[in-house]
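Notebook open; today I am looking up ring contacts and a helix end.

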Amino acid sequence: MSKSLKRVRAALEAAGETPDIRETALARTAQDAADALGCGVDQIAKSIIFRGTESNEALLFVTAGGNRVDAGKATALAGEPLDKADAALIRAQTGFAIGGVSPVGHLNPIRSFLDPRLMDFDVIWAAAGTPHHVFSIAPQRLSALTGAEFVEFTE
């Protein structure tokens, strides 16, 4: 088991969750994960990371798989201009590689925002630290674990 996957499992267990982590052939995209799980693409909680241009810190926007982050709305929430985060910043801030960024189990605290569309489902699926692993969770529990609020930031 990879260190990243172990960290996600430990974070879920520490929060009182009984992790339902599944291995998939590939879950790099929301559609890949949805196809592998047999669920709708919007049940996939997609982790999008931006870099604050003033703070140089990573910010996490967790959106329903079929949605896209609106740059203007995201910038307003962040309170600073945003730019694309590179792989090095993502790895340093979260401990995860692109394609497997989990919303939980980060190496360092990260400001996070959740797409309200995720609340339309009893269960959602998110990356579990690798491009091949996902975990299920209730959206309300994801909010509690991440400290993120449900706010509108999609197109």
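My rule for rings: those of Phe, Tyr and Trp (its six-membered ring) pair if their centres lie within 6.5 Å, with planes under 30 degrees apart counted as stacked, over 60 as edge-to-face and the rest as tilted. This is a predicted model, so I take local features only at pLDDT of at least 70 and side-chain atom pairs only at 80 or more, while totals for chains, interfaces and linings use all residues. I number residues from 1 along each chain as its sequence is written, and side-chain values use heavy atoms, without hydrogens and water.

Rings. I searched the whole structure and got 3 aromatic pairs. Phe-50 and Phe-61 are edge-to-face, at 5.7 Å centre to centre and 80 degrees between the planes. Phe-50 is in strand β2 (residues 44–52) and Phe-61 in strand β3 (residues 58–64), so this pair ties together parts 11 residues apart in sequence. Strands (E, at least two residues) and helices (H or I, at least four) are DSSP runs, numbered from the N terminus.

Next I checked Phe-61 with Phe-113: the centres are 4.8 Å apart and the planes at 20 degrees, so the pair is stacked. Phe-113 sits in strand β5 (residues 111–114), so its pairing with Phe-61 in β3 ties together parts 52 residues apart in sequence. Buried or exposed, Phe-61 and Phe-113? Both are buried (under 20% relative accessible area, 1.4 Å probe, protein chains only; exposed is over 50%, partly exposed in between). Ring pairs link Phe-50, Phe-61, Phe-113 and Phe-153 into a cluster.

Helix end. I noted that α3 is followed by Gly-79, with a positive phi near 80 degrees.
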